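Please examine the sequence and the structure shown below before reading the notes on them.

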Amino acid sequence: MDHQVTTLDGGSAGSIALPDEIFAVEPRADILQRMVRWQLSKRQAGTHKTKTRGEISLTTAKWYKQKGTGRARHGAKSAPQFRGGGKAFGPVVRSHASDLPKKVRKLALRTALSAKAAEGKLIVVENATLKEPKTAQLKGHFGKLGVSSVLVIAGAEVDQNFARAAANIAHVDVLPQQGANVYDILRRDTLVLTKDAVKHLEERLGEGTGQ
């Protein structure tokens, strides 16, 4: 399908052909949900840890006699029910990552791109560069494009002036083309792709390619 290409000023810059197998995929909410869960689980540090009873060094001497008191027959202060004792069934250091097939991850990214295109929230720009790192100037560009919550996916390298200007604007994210991912696409209202990013996505998600 053909899609209009604009400049950052909102002017026309021709059109570009977007492949249907990437930008016109039938919506699959279940695939998007699996992918988002996979991404968020993978980024968890998993460094939370509490000490178990075996890791607590407290007295194991009986502090009252075995019988005749009516109390439980405790023999260690490290038991979980005592202050300073070990934690029963506490968290341990582990990885939260799970497995997700590459073809499912590729389908999820296609679905996310197609969802933005179907909603009319996909904008293709000629480039994402600025002569100076001026936040006010970039805000003006976004105003002309009619966007506020936006993810910009640039070329192989993000223009430093553009990145610095965008860093001061709330609800604006900028990624290089290699960093295109489902979670960041869905968390912003509008997706802005450069022509270089579109070309890279075609190579990355085209039929017969891996991820």
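This is a predicted model: local features need pLDDT of at least 70, side-chain atom pairs count only at pLDDT 80 or more; totals for chains, interfaces and linings use all residues.

Residues are numbered from 1 along each chain as its sequence is written, and side-chain values use heavy atoms, with hydrogens and water left out.

**Helix α4**
- Helix α4 spans residues 135-145, and its buried residues are Thr135, Leu138, His141, Phe142 and Leu145; helices are DSSP runs of H or I with at least four residues, strands are runs of E with at least two, and both are numbered from the N terminus.
- Seen down the axis of α4, these buried residues fall within an arc of 120 degrees, so they line one face of the helix; the arc is that of the directions from the helix axis to the C-beta atoms.
- An α-helix has 3.6 residues a turn, so residues three or four places apart point the same way.
- Ala136, Gly143 and Lys144 are exposed on the other side of α4; buried means under 20% relative accessible area, exposed over 50%, and partly exposed in between, with a 1.4 Å probe and protein chains only.
- Just after α4, Gly146 has a positive phi of about 75 degrees.

- Strands β1 (residues 2-6) and β2 (residues 12-17) pair in the antiparallel sense over 4 bridges; pairing requires at least two DSSP bridges between two strands.
- Asp2 has Ala17 of β2 as its bridge partner.
- With 5 residues between the strands, the hairpin includes Gly10, which takes a positive phi near 90 degrees.

**His200**
- His200 lies in helix α7 (residues 195-205).
- His200 counts as buried because its relative accessibility is 18%.
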